[in-house]
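Subject: Structure handover

Hello,

Here is the structure for you to take over. My notes on what was found in it follow below.

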Amino acid sequence: MTDTPGWASPGSSEPSRDGARPPADAPAAVPGPSAPPQATPGPHTRPGRPQWGQQPSGGHSPYGWGVPQSPKPGVIPLRPLLVGELLDGAVGTVRRQWRTVLALSLGIAVVAQGGAVLVDLLVKGKTGAATQTLRLVAAMPLQLLLDVLAAALLTIVVSRAVLGRSATAGEAWRDARPRLLQLFGLTLLTVLMGPGVALLGFAPLIGYSVSGANEPATTGLLFIVGVLALPVAAWLWVRYSLAAPALMLEKQGVATALSRSRRLVRGSWWRVFGITLLSKVLSLVVAVVIAVPFRFIGLLLGIDSLDDRGLGGATQQGAWMVVVMAVAGIIAGTLTTPFMAAVGVLVYVDQRIRREALDIELARAAGLPEYGGTGWGEQAGPTPARR
């Protein structure tokens, strides 16, 4: 079970309802000790929500005009989300909780760029065409650790933002720390299943090129083999993309989290793929826009190709270029890391709302009285986030 109400998986309290939304003709009960008798539900009634024109317990409608609207205690309305609403919720999380979010992402970005600069100092551009590849491989272990840390901390922040609550960096660390080791193992498995499969597909081509052979027909054939591995890698990557938030929020084991992601994505692979790809493209655009002026500054300093020269020759311009691009990377990472993390968590929330009626549990957890909530002020925890 989780410390935050509303996140437990269905299997922890009731039989799993994966694969289908709750029946649309289920009785629409208004929770609470004095709920009035319910009218016969219509064909589009959502469980736990007042019907059109029906007033919940308390004698008045909180929605106005007798028409129910989806509750929105936090950054998203508690109902199945449109793509624009999901992206807006990710941006809203960064905007509303900017102190915590930017503090966490800034620290992670500084460490990541510091590691990249250290690799530049060690490589010094002396490996020729393999310099960029060597940088990526050398920085991969540190980047993996930082990705795990970012996913753990920001998942806690986003989950609080969905309920309209705030979380400090200390609270996020306290809640995420017990799950870090499991999340690291899960991330390592998903990396091996996704990017690892793609790398395995291109391994023959890489080995053939490193050996010095240059037969066009063989090179083309090995390239086709690598390309054929990409759809498999993408399929696995999306299939298990919701495992990290499932592990953090449902407090399940690694195997259970992978199984949860598989069930939540089933039947919605293209939707999850499209949203994730769109968010990555938007993040890339932001990173490029930020990097362009810094790259222009580098050109003014007389450095036209950092990959070839790096810090080779110990030129002052080369050192300045590394610093300038590191600053660009820190700014870009500070902005894009929390956005990507928020999108991942909100996709997970959206899929559970669609399949398991999680919106009703979240409304109760947020303390909405018309859904049987007791009010956040009566529970232990931080004060609600300012909207």
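Helices here are DSSP runs of H or I with at least four residues, and strands are runs of E with at least two, numbered from the N terminus. The model is predicted, so local features need pLDDT of at least 70 and side-chain atom pairs count only at pLDDT 80 or more, while totals for chains, interfaces and linings use all residues. Residues are numbered from 1 along each chain as its sequence is written, and side-chain values use heavy atoms, with hydrogens and water left out.

Asp 175 sits in helix 4, which covers residues 169–176. Its relative accessible area is 18%, so Asp 175 is buried (buried means under 20% relative accessible area, exposed over 50%, and partly exposed in between, with a 1.4 Å probe and protein chains only). The side chain of Asp 175 makes a polar contact of 2.8 Å with the side chain of Arg 160, and another of 3.4 Å with the side chain of Arg 174. A polar contact is a pair of N or O atoms within 3.5 Å; within protein, one must be able to donate a hydrogen and the other to accept it, and residues adjacent in sequence count only if both atoms are side-chain atoms. Leaving aside residues up to four places away in sequence, Asp 175 touches Ile 156, Arg 160 and Lys 251, where contact means heavy atoms within 4.5 Å.

Helix 8 and the residue after it

Of the 8 residues in helix 8 (residues 243–250), 7 are buried; among them are Pro 245, Leu 247, Met 248 and Glu 250. Lys 251 follows helix 8 and lies in the loop between helix 8 and helix 9 (254–265). With a relative accessible area of 24%, Lys 251 is partly exposed. Its phi is positive, about 55°, although Lys 251 is not a glycine. Most residues other than glycine have a negative phi.

The end of helix 12

Ala 357 also has a positive phi of about 55° without being a glycine. Ala 357 is in the loop between helix 12 (316–356) and helix 13 (358–365), and is buried at a relative accessible area of 7%. Glu 356 belongs to helix 12 and is buried too, with a relative accessible area of 3%. Its side chain makes a polar contact of 2.9 Å with the side chain of Arg 260.

The nonpolar cores

A nonpolar core is a set of buried Ala, Val, Leu, Ile, Met, Phe, Trp, Tyr and Cys residues joined through side-chain atoms within 4.5 Å. The largest one has 64 residues, and Trp 7, Val 343, Tyr 348, Val 349 and Leu 362 have the most contacts inside it. Helix 3 (residues 131–162) supplies the largest share of this core, 11 residues. Val 349 touches Trp 7, Ile 76, Leu 358 and Leu 362, again not counting residues up to four places away in sequence. A second, separate core has 5 residues, including Ile 290 and Phe 294.

Helix 7 (residues 216–239) has 24 residues and reaches 35 Å from its first C-alpha to its last, close to the 34 Å expected; the expected span is 1.5 Å times one less than the number of residues. Its buried residues include Leu 222, Gly 226 and Ala 233. Gly 115, in helix 2 (residues 98–123), counts as buried at 14% relative accessibility. Gly 115 and Ala 326 are 211 residues apart in sequence and 10.0 Å apart in space, C-alpha to C-alpha.

Regards
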